[in-house]
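Please read them with the model open.

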Amino acid sequence: MESDMNIPREEAMYVSRICWYKFKKVARLALYTPFVVCLASGTLENDTFLSFLGQDNYYYKAFAKAYEAAEKYTDDDDAKYALRDLQRIATREFKVQDSFLQEWDADIGKKCTLNPITLKFTEFLKATASGKIEGVCAEKFETEFERTKLPAYIFGAMIPCLRLYANLGKELLVFLQGNPTHQYRIIIRNYASESLEELAKKNENLLDKLSITLTSHELSIVEKLYERAMKIEVGFLLGQPLDQKSVIPISREHNLDEERLVIFFKFDSTCSVIDSSAILAEMTIVSAPKSDENQPENQPENQPENQPESQPENQPESQPESQPENQPESQPENQVVRLLSEVLNSTWDDICKDYTDEYEQCIDTLLLTHEKAEKLDYERLHKALEQLSDFEKRANTRVSESGVLRGLRLDGIKRVGELMVLQDGCKNFFQSIIKNEQLNADIHALSCCWCSDLIRSAFSSDGLDVVHVHANEFIFEENLSTGVIVSKVEGPFDKVQTFSEVLNNYNDDKKNLTVHIGDTVSDLLCLLQADIGIVINPSPNLMRVGNHFGVSFIPLYRGIIEKQKTYAKKDSTSWNKLSGVLYTVSSWAEIHMFIQGSIYTD
């Protein structure tokens with residue numbers, strides 16, 4: 001998983017803060033485990049809750065032994081004192097948890113045996129304390145000097161557990177508001193308490209102190225231990241035995257014989273890191289001829305054999321060895337006429353500036369000419385988006401007529417597509433859907449990208465070639481683009497029409513559950529037509545237009561908790577199109593946990 005390294009400069013010198021900023025997205029995934037969803041909604045069954053708390057005793061013993069090992073190996077007297085203080089605070093926290101547990105069931109200690117998923121953490125911590133660390137030779141700790149570094153490693157393995165629950169408590173606290181009868185309010189408040197935060201911070205401060213003398217390589221070991229511990233703890237929550245229905249993951253209640261999951265997504269920016277139009281523009285500029293490279297139509301017989309290295313790959317006779325086998329050595333003059341690089345740069349600048357200015361003007365006009373709706377008014381929204389659809393068509397026509405996309409090689413486009421970087425977690429999500437044999441699912445890309453071959457190439461490997469791509473296309477003549485865009489998906493109307501056509505082409509033998517993932521105004525109609533509309537980091541204009549026409553944007557997690565409450569009462573749940581509610585997330589990992597479940601094997 002990609003780290004979240006927007007760390008304030010003043011905190012960047014502390015290893016504990018660096019680790020947290022790198023892996024806090026992993027910690028957030030704990031929220032999306034069925035156990036925590038049921039806990040937050042107040043619907044968790046008592047036996048499950050008690051079984052979970054019953055594991056605390058094993059965690060406490062593991063922490064106590066780890067503290068003892070750290071005190072044994074450190075040669076710093078202040079650190080020894082701090083370690084004894086931490087043991088005292090940890091004992092106090094355990095007694096608070098234990099007293100709460102005794103109120104529920106006095107014999108719980110006798111009933112709860114060591115859970116295999118608890119054992120994974122305790123064994124990991126035990127191995128770390130004894131110097132058995134993955135990627136580190138055990139002989140390294142034979143000298144007394146090297147053993148003094150073990151305390152930092154031990155804390156790197158312990159702290160994620162404390163930090164995860166302190167963070168979890170704060171996240172769940174909001175669900176207690178207005179609900180004084182929430183049956184798990186005491187335990188949630190304890191996780192969100194200042195005392196647990198104090199324990200976490202004191203452990204982090206000691207890690208920073210113990211890490212001062214570590215080399216960069218040794219600090220990287222601390223980070224790896226921290227990451228692994230965080231993933232094990234998320235796995236611990238994910239693996240809690242749950243004998244009740246949960247609204248997530250979606251795949252859990254999926255009936256293979258009766259249901260079909262249809263996932264639609266926007267490609268540019270939602271899935272790709274860089275917009276495809278920017279990539280295609282860069283390709284045209286890089287490969288275009290320069291003004292000083294123009295050659296006379298008839299080359300003299302004594303023309304030097306060595307051509308300039310900077311000459312574009314797709315220029316006639318410039319680099320014959322790089323041409324496809326079926327490509328003639330020279331092209332007819334009138335086959336594809338390229339614009340010069342200098343002209344392309346200027347033309348692209350003009351196109352981009354005009355598009356940005358006119359797009360903003362289009363959105364402003366759209367909002368000014370329609371009254372604000374109190375609740376979803378889909379018909380008026382649909383009517384209003386005619387302006388945006390017309391604008392997108394005009395913009396694409398301008399690009400086609402400008403000739404800026406002329407002369408791009410099909411094989412070059414495919415190579416670039418294969419190398420495209422996708423958003424963190426995007427590829428893993430789709431791979432997990434495809435590999436899940438218990439899931440009857442189809443995946444469709446709905447994109448206004450100018451060249452569908454670019455998208456197909458991005459999904460051509462790692463088993464993702466089954467993704468259906470709906471986008472515009474280039475016309476090619478002997479491997480070179482003519483610059484003409486064949487219009488298929490240009491704006492919101494084309495997208496929602498394609499969305500409907502895909503669903504209409506399915507047989508009625510299965511019930512469809514549709515999910516659409518997007519982030520711009522052009523996705524709005526599809527997002528609302530889907531049973532579940534998910535917005536990744538919504539654009540400001542999407543929020544403006546959506547709010548204007550009565551669309552509500554709520555965090556996906558909050559929506560899941562509300563659904564779980566309903567699910568517990570009715571023993572069924574439903575996600576309905578045109579509800580007027582769209583769900584916001586910050587990463588593909590959240591979508592993965594929501595639909596598919598576990599990301600990590602730990």
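1. I433 first, by its contacts. Leaving aside neighbours within four places in sequence, I433 touches I263, L439, A441, I443, I595 and Q596. Keep in mind that this is a predicted model.

2. Where does I433 sit, and is it buried or exposed? The residue lies in helix α18, residues 426–435. I433 is buried: its relative accessible area is 2%, and the cut-off for buried is under 20%. I433 and L261 are 172 residues apart in sequence. In space, their C-alpha atoms are 9.7 Å apart.

3. Next, helix α16, residues 386–402.

4. The buried residues of α16 are L388, S389, F391, E392, A395, N396, V399 and S400.

5. Now the pairing of α14 with α16. Their axes come within 10 Å and cross at roughly 170 degrees. Angles over 145 degrees count as roughly antiparallel, and α14 and α16 are therefore roughly antiparallel to each other.

6. The α14 side of this contact consists of T347, I351, D354, Y355, E358, Y359, C362, T365 and L366. From α16 come Q387, L388, F391, E392, A395, R398, V399 and S402. By type, the residues of the contact divide into nine nonpolar, four polar and four charged. Among the α16 residues here, L388, F391, E392, A395 and V399 are also buried.

7. Helix α14 has another partner, α13 (residues 276–287). How are α13 and α14 arranged? They pack at an angle of about 155 degrees, with axes 8 Å apart. That angle makes α13 roughly antiparallel to α14. Their crossing is left-handed.

8. Which residues make the contact between α13 and α14? A281, T284 and I285 of α13 meet S341, L344, N345 and W348 of α14. This contact has four nonpolar residues, three polar and no charged.

9. To sum up α14: the helix is roughly antiparallel to α16, and α13 is roughly antiparallel to α14. The contact with α16 includes four charged residues, whereas the contact with α13 has none.

Technical notes: Residues are numbered from 1 along each chain as its sequence is written. This is a predicted model: local features need pLDDT of at least 70, side-chain atom pairs count only at pLDDT 80 or more; totals for chains, interfaces and linings use all residues. Side-chain values use heavy atoms; hydrogens and water are left out. Buried means under 20% relative accessible area, exposed over 50%, partly exposed in between (1.4 Å probe, protein chains only). Helices (H or I, at least four residues) and strands (E, at least two) are DSSP runs, numbered from the N terminus. Axes are lines fitted to C-alpha atoms, for helices over the stretch in contact, and angles run from 0 to 180 degrees between N-to-C directions. Angles under 35 degrees count as roughly parallel, over 145 as roughly antiparallel, 65 to 115 as roughly perpendicular and the rest as oblique. A crossing is left-handed if the near helix is turned anticlockwise from the far one by less than a right angle, and right-handed if clockwise. Contact means heavy atoms within 4.5 Å. Ala, Val, Leu, Ile, Met, Phe, Trp, Tyr, Cys and Pro count as nonpolar, Asp, Glu, Lys and Arg as charged, and the others, Gly among them, as polar.
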